[in-house]
Amino acid sequence: MTERVPVLKLGQVLLVSIQIDLEDQTVLDLQDDLAERIVATGAGGVVIDITALEIVDSFVGRMLANTAAISRMLDAETVVVGMRPAVAITLVELGLSLGGVRTALTLEKGLALLERDRTARAGRP
């Protein structure tokens with residue numbers, strides 16, 4: 001049995017803090033769990049904290065992009081936070097631009113980015 005990555009609710013944001021090595025099945029379970037939690041909670045934002053990840057392969061990189069796309073389809077914006085320089089370099093070297101995935105250096109900056117988005121959306125007619 002694979003470990004599950006917890007999905008925590010903070011107001012209108014879901015926080016995913018990845019603290020374990022990601023195996024393929026864990027990644028797929030996380031996508032399912034996150035999609036279900038977005039729908040169940042009506043969350044408007046998702047923060048994926050990858051501070052603990054030292055290495056990201058092409059599968060995990062695609063998972064981040066796919067997770068952001070799934071979240072957008074469910075009306076929740078995604079921000080990936082805590083990316084290490086080595087991870088960013090590896091993603092670029094693998095040719096993974098992570099289109100549609102927004103990033104912030106820290107959890108605080110990621111939450112602030114989502115809050116600005118929420119405020120901007122609330123102001124739209």
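How far apart along helix α4 are E115 and R118, counted in helical turns? They are three residues apart in that helix, so about one helical turn separates them. Their side chains meet in a salt bridge, 2.7 Å from N to O. By salt bridge I mean a side-chain nitrogen of Lys or Arg within 4 Å of a carboxyl oxygen of Asp or Glu.

A word on the source. This is a predicted model, where local features need pLDDT of at least 70 and side-chain atom pairs count only at pLDDT 80 or more, while totals for chains, interfaces and linings use all residues. Residues are numbered from 1 along each chain as its sequence is written, and side-chain values use heavy atoms, with hydrogens and water left out.

The search of the whole structure gives four salt bridges. One of them joins R4 and D33, with the closest N and O atoms 2.8 Å apart. This pair links distant parts of the chain: R4 lies in the segment before β1, D33 in helix α1, 29 residues apart. D33 counts as buried at 16% relative accessibility, and R4 as partly exposed at 47%. Buried is under 20% relative accessible area, exposed over 50%, partly exposed in between, with a 1.4 Å probe and protein chains only.

Another bridge is R102 with D117, at 2.2 Å, N to O. Here strand β5 is linked to helix α4, across 15 residues. D117 is buried at 19%, whereas R102 is partly exposed at 27%.

Back to the opening pair. Both are partly exposed, E115 at 37% and R118 at 44%.

Technical notes: Helices (H or I, at least four residues) and strands (E, at least two) are DSSP runs, numbered from the N terminus.
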